[in-house]
Amino acid sequence: MAKIENYNFAEKKAIVRVDFNVPLDENGHITDDTRIRGALPTLKKILADGGSLILMSHMGKPKGKVNPKFSLSQIREDVAKALGADVKFVPDCMDASEAAANLKPGEVLLLENLRFYPEEEGKPVGIDKADPGYDDAKKEMKERQKDFAKKLASYADVYVNDAFGTAHRKHASTAVIADYFTPENKMLGFLMEKEVQAVDNILKDIKRPFTAIMGGSKVSTKIGIIENLMDKVDNLILCGGMTYTFAKAQGGKIGVSIVEDDKLDLALDIIKQAKEKGVNLILGTDCVAADSFSNDANTIVCPSNDIPDGWEGLDAGPETRKKFEDAIIPSKTILWNGPAGVFEFDNFTAGSRAIADAIVKATENGAFSLVGGGDSVACVNKFGLADSVSYVSTGGGALLEAIEGKVLPGVAAVK
Ligand code: AMP
């Protein structure tokens with residue numbers, strides 16, 4: 001695999017898979033340009049070398065059909081502004097041969113949303129998994145996906161994948177396309193390299209103690225990661241809504257708190273595994289309970305396993321927050337995924353805030369801290385602390401799959 005920092009793009013046409021799936025308001029204006037900014041180091045290096053850029057991305061879920069709501073033409077101006085260069089646009093990603101051939105060094109071409117074609121995702125259309133003939137339809141679509149990827153590849157001399165957000169998908173533009181470039185002409189972009197390095201710091205190059213903090217609403221969506229981390233961490237903090245599944249599993253009274261009744265055995269098994277593996281499992285012992293699911297609800301602090309009828313735990317209590325801090329502050333490697341309470345309500349941010357502050361302190365003391373997965377990123381952004389941790393991942397699903405120990409197709413294809 002080539003390395004972007006060593007590659008000279010002079011006179012080359014580079015097709016770059018970026019993640020420009022940015023949120024838009026009802027007028028088609030970008031509300032958060034983090035993803036565009038994330039790709040800039042890669043794009044600017046290519047232009048500065050004297051290469052030309054062909055940018056490709058998906059936006060939203062148009063499900064294989066043209067839909068103006070998801071047109072990348074809406075962000076053309078913003079991309080141009082961010083790059084400080086004019087951006088040409090082709091309204092059909094399968095009809096860009098001429099525009100690509102005419103590109104001169106320093107010029108930029110943006111292709112229309114790849115997902116206007118079902119071939120991008122490679123899922124057969126109009127047929128259900130359970131339908132007879134699905135396997136044949138899938139095979140046929142895989143062939144069409146190869147042709148689609150080959151066409152995209154034909155526009156350029158070199159392929160760069162810098163879309164970490166979709167690296168866990170084996171799509172035409174994220175993986176299949178790599179087959180049409182020689183090893184010395186395909187590579188990861190700077191953003192992808194940073195993300196992969198951040199995951200390696202957590203999974204391979206671990207400095208101890210290692211504390212993982214998993215929160216959010218459910219244990220079921222985090223179980224793969226929890227199990228993979230169990231063999232690696234010294235401290236495992238499980239917080240947020242899953243607290244109450246654990247409390248109930250151990251015979252606690254949880255009022256009307258969020259709970260996964262079909263995961264009670266799983267919770268007991270996690271407790272057992274932690275004991276067997278010598279992992280210090282930290283579960284909430286007290287909570288801030290509310291009499292309704294709202295920011296203005298009345299609140300009490302009570303044990304997480306003795307919540308009055310009709311009340312629900314929405315945040316970590318003071319004793320629990322202290323336990324979180326005691327584990328996090330002396331740590332040297334920290335992973336945080338998922339809030340410790342309903343942080344969207346300002347009155348229930350204390351648990352998440354305590355975690356964020358402790359991570360910042362540990363980071364100041366030399367720890368490597370990785371924050372990732374949608375809601376914890378929203379959390380550090382809300383607290384204005386994104387610049388005070390070592391790394392904030394841009395990839396939700398991709399990051400979680402990488403931490404589960406899965407090989408990301410977007411990375412494997414280039415390697
Ligand atoms: P997830 O997508 O699984 O990471 O969950 C994130 C969501 O979990 C956020 O929207 C939080 O509001 C929610 N959450 C965290 N703690 C609780 C809780 N105690 N009760 C209900 N929802 C919670």
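User: How much space lies in the largest cavity, and why is it called a cavity and not a pocket?

Analyst: About 50 Å³ of space lies in the largest cavity. This is a predicted model. The term "cavity" applies because a 1.4 Å probe fits at its points but cannot get out, whereas a pocket is open. A search of the whole structure finds one cavity of 30 Å³ or more.

User: What makes a residue part of the lining, and which residues line this cavity?

Analyst: A lining residue has an atom within 4 Å of a point of the space. For the largest cavity, the residues that qualify are Asp19, Arg35, Ala39, Asp162, Ala163, Phe164, Gly165, Leu191 and Thr394. By class, four are nonpolar, two polar and three charged.

User: How much space is in the largest pocket, and what lines it?

Analyst: The largest pocket holds about 890 Å³. Its lining has 30 residues, and those closest to the centre are Arg115, Glu121, Lys123, Arg169 and His171. Two elements give two or more residues each: helix H4 (118–121) and helix H5 (134–154). H5 supplies the largest share, three residues.

User: What is the make-up of that lining by class, and what makes a residue count as charged?

Analyst: The lining has 13 charged, twelve polar and five nonpolar residues. Asp, Glu, Lys and Arg count as charged. Therefore His171, although among the residues closest to the centre, is classed as polar.

User: What about the second largest pocket: how much space, and which residues lie nearest its centre?

Analyst: About 620 Å³. The lining numbers 23 residues; Thr34, Arg35, Val377, Ser393 and Thr394 lie nearest the centre. Helices H1 (34–49), H6 (190–203) and H12 (374–382) and strand S17 (391–392) each give two or more residues to the lining. Five of the lining residues come from H1, the largest share. Eight are nonpolar, ten polar and five charged.

User: How many residues surround the ligand, and what makes a residue count as near it?

Analyst: A heavy atom within 4 Å is the test. 13 residues surround the ligand, and the closest are Ser217, Lys222, Gly313, Glu344 and Asp375. The shell divides into four nonpolar, six polar and three charged residues.

User: Why is Ser173 called buried?

Analyst: Buried means under 20% relative accessible area. Ser173 has 0%, so it qualifies. Ser173 sits in the loop between strand S5 (158–161) and strand S6 (186–188). Its side chain makes a polar contact of 2.6 Å with the side chain of Glu120.

User: How do you know that helix H7 is largely enclosed by the rest of the structure?

Analyst: Six of the eight residues in H7 (residues 223–230) are buried, hence the description. They are Ile223, Ile225, Ile226, Asn228, Leu229 and Met230.

User: Why is Lys63 called exposed, and what stands out in its phi?

Analyst: Exposed requires over 50%. Lys63 reaches 66%, so it passes. Its phi is positive, about 55°, although Lys63 is not a glycine. Most residues other than glycine have a negative phi. Lys63 lies in the loop between strand S2 (52–56) and helix H2 (76–83). Glu11 also has a positive phi, near 70°. Glu11 is exposed as well, at 66% relative accessible area. The place of Glu11 is in the segment before strand S1 (13–17).

User: What makes the peptide bond from Arg208 to Pro209 worth a look?

Analyst: Its omega is near 0°, and the bond is cis. Most peptide bonds are trans. Pro209 is found in the loop between H6 and strand S7 (210–214).

Conventions:
Residues numbered from 1 in each chain as written. Predicted model: local features only at pLDDT ≥ 70, side-chain atom pairs only at ≥ 80, totals over all residues. Heavy atoms only, no water. 1 Å grid on protein atoms, 1.4 Å probe; cavity = no way out; pocket = protein on both sides within 12 Å on 5 of 7 lines; lining within 4 Å. Points joined across faces, edges and corners; volume = space filled by probe spheres on them. Helix = DSSP H or I, 4+ residues; strand = E, 2+ residues; numbered from the N terminus. Buried < 20%, exposed > 50% of the residue type's maximum accessible area, 1.4 Å probe, protein only. Polar contact = N/O pair within 3.5 Å; in protein donor to acceptor, adjacent residues only side chain to side chain.
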